Amino acid sequence: MSDPVQADIGLALVNILLLGILFVVALSIARIRSLFAIVMLSGVYSLVSAVWYVVVDAVDVAFTEAAVGAGMSTVVLLGAMLLTSRTVKPDKKFARLGPALVVIATGIMLIYASVDLPALGDPTSPVNTGVGLTYLQVNWADTGIPNVVTSVLGSYRGYDTLGETSVVFIAGLAVALLLGFGERSLADSIRKGDRLPTPRESEPAKDEDDAS
Amino acid sequence: MNSDHHIILRAVSKMLIPLIILYAFYVQFHGDFGPGGGFQAGIIIAVGIILYALIFGVPAAMRAVPPVFTRSLAAVGVIIYAGVGFWALFSGGNFLEYQALFHEPPGEHHGQHIGIMVIEIGVLCGVAGAMLTIFYAFAGRVAEIRDKDW
C-alpha cells in the first residue's frame with residue numbers, strides 16, 4: 001500500500017467486486033420465488049453494503065447497517081414470513097413490463113445525474129466546505145468528545161436524536177398494538193405451565209421425520 | 001426442546017450470547033471514541049436475546065426477558081432521554097443543553113460527557129425494548145418454528 005496508484009487500483013477492484021455482488025444479489029432477489037431465500041438474500045445485501053460503507057470510510061453507517069439491516073430486519077422479516085405463505089404468488093407474463101420500464105428510465109436518469117456529482121473525498125465539494133467543516137473545527141472546543149459523529153448526534157442534534165428514539169418507541173408500540181399484543185397467549189401458557197396451547201402442539205411430535 | 005438435533009447450535013450460541021451482550025456494552029460506552037453508540041448497542045442486545053429465542057424457543061426467551069419488561073424498557077428509554085432535557089431545563093439552561101447540567105462555563109466538558117452518556121443509555125433502552133417488543137409481537141404468534149417450516 002506504499003504506492004498510492006497501486007492502492008487506488010486495489011480500492012477500485014474492491015469497489016467493483018462489492019458492487020458487482022450487490023448487483024447479482026439484487027437480481028436474484030427479483031428472480032427468486034421462495035420467500036425464505038429472499039429474506040436471507042436481503043440480509044446478504046445489507047451485509048455486503050455494510051462492507052462497502054467501510055470501504056468508503058462511513059464506519060458508523062456501516063455499523064448501523066450491519067446491525068439493523070443484516071441482523072434486526074432479517075429477523076423481523078423472518079417472523080413476518082412465518083405468518084404468511086412460503087412462496088411469492090406467480091404473476092402474469094407482461095404485468096412486470098411497466099415497472100421494469102419505470103426502473104430502467106429512473107436508472108438512466110440517476111446515472112446521467114451522477115456525472116455532475118463531486119468526486120469522493122473532494123475537499124471543495126459542498127459536503128466538505130459547509131456545515132460539516134464547521135462541526136470539525138468547533139467540536140473539540142465545544143464538547144471535548146473525539147468522535148464527531150457522537151457529538152453531532154448527541155449534542156448538536158440532540159433534538160433530532162430524541163425524535164428518532166421516540167420514533168423507534170412509537171414503531172414498537174404500533175406493531176404491538178396492531179398485532180394485538182400477540183404474545184399474550186404465550187405469556188399465559190408460560191405462567192400456567194410449560195405446555196404451549198397452540199393446535200400444532202396437539203399433533204404428535206414427528207420433527208425428526210419431517211426434517212428429511 | 002425435546003429434540004436434540006440442534007445441539008451444536010445450542011452449545012455454540014450459549015457461548016456466543018454473553019459475548020454479544022458484552023460487545024454491545026463495549027459499543028455503548030466506547031461510542032464517544034469510536035464508531036457506535038446507543039442505537040447500535042441497543043440493536044446488538046436485542047439481537048442477542050433474539051438469537052436466544054431462535055435457538056431455545058420463544059417461550060424460554062419470554063421467561064428470561066418478559067414482554068412486559070421490554071415494553072416498559074422502551075418507554076423508560078424515552079423518559080431517560082427526555083429527562084436529561086428537563087434536567088438541563090431546571091438547571092437554568094435550554095432543553096438538552098448539556099453545558100447547563102453542572103453550571104459549567106464554556107470550555108469545561110463534564111456536562112457534555114455526562115449528558116451524552118445518559119442520553120445514550122436512554123437510546124439503548126428505547127431501541128432494545130422497542131426491537132424486542134416488535135420481535136415478540138411477530139414471534140409470539142408462531143409458537144415454535146419447526147424444521148419443516150423452512
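**Helix packing and the core**

Mentor: H3(A) passes H2(B) in a left-handed crossing; left-handed is when the near helix is turned anticlockwise from the far one by less than a right angle, and right-handed if clockwise. Helices (H or I, at least four residues) are DSSP runs numbered from the N terminus, as are strands (E, at least two). This is a predicted model, in which local features need pLDDT of at least 70 and side-chain atom pairs count only at pLDDT 80 or more, while totals for chains, interfaces and linings use all residues. Residues are numbered from 1 along each chain as its sequence is written, with chains lettered from A and ligands numbered from 1 in the order in which they are written.

Trainee: At roughly what angle do the axes of H3(A) and H2(B) cross?
Mentor: Roughly 35°, and the axes come within 10 Å. Axes are lines fitted to C-alpha atoms, for helices over the stretch in contact, and angles run from 0 to 180 degrees between N-to-C directions.

Trainee: Is Phe63(A) buried or exposed?
Mentor: Phe63(A) counts as buried because it has 22 C-beta neighbours inside 10 Å. The cut-offs are 20 or more other C-beta atoms within 10 Å for buried, 12 or fewer for exposed, and partly exposed in between, with C-beta atoms placed from the backbone. Leaving aside neighbours within four places in sequence, Phe63(A) is in contact with Pro35(B), Gly36(B) and Gln40(B).

Trainee: And how do H2(B) and H5(B) pack?
Mentor: At an angle of about 35°, with their axes 7 Å apart, and the crossing is right-handed. The meeting residues include Gly42(B), Ala46(B) and Ile49(B) in H2(B), and Leu124(B), Ala128(B) and Phe135(B) in H5(B). By class, there are 17 nonpolar, three polar and one charged residues in this contact.

Trainee: How many residues are in the largest nonpolar core?
Mentor: It has 55 residues, and Ile43(B), Ala46(B), Val127(B), Ala128(B), Met131(B) and Phe135(B) have the most contacts inside it. Such a core is a set of buried Ala, Val, Leu, Ile, Met, Phe, Trp, Tyr and Cys residues joined through C-beta atoms within 7 Å. H5(B) gives the largest share, 16 residues.

Trainee: Where does this core lie relative to the domains of chain A?
Mentor: Domain 1 (1-117) and domain 2 (123-212) of chain A both give residues to the core, so it lies between them. The bounds come from an automatic or database domain assignment.

Trainee: Changing topic, how many helices are in chain A?
Mentor: Eleven, with zero strands. Buried residues make up 17% of its 212 residues.

Trainee: What about Leu35(A), which residues is it in contact with?
Mentor: Beyond its neighbours within four places in sequence, Met81(A), Arg86(A), Thr87(A) and Val88(A). The C-alpha atoms of Leu35(A) and Met81(A) are separated by 7.1 Å, although the two are 46 residues apart along the chain. Leu35(A) is partly exposed, because 18 other C-beta atoms lie within 10 Å.

Key: Contact = placed C-beta atoms within 7 Å. Nonpolar A, V, L, I, M, F, W, Y, C, P; charged D, E, K, R; others polar.
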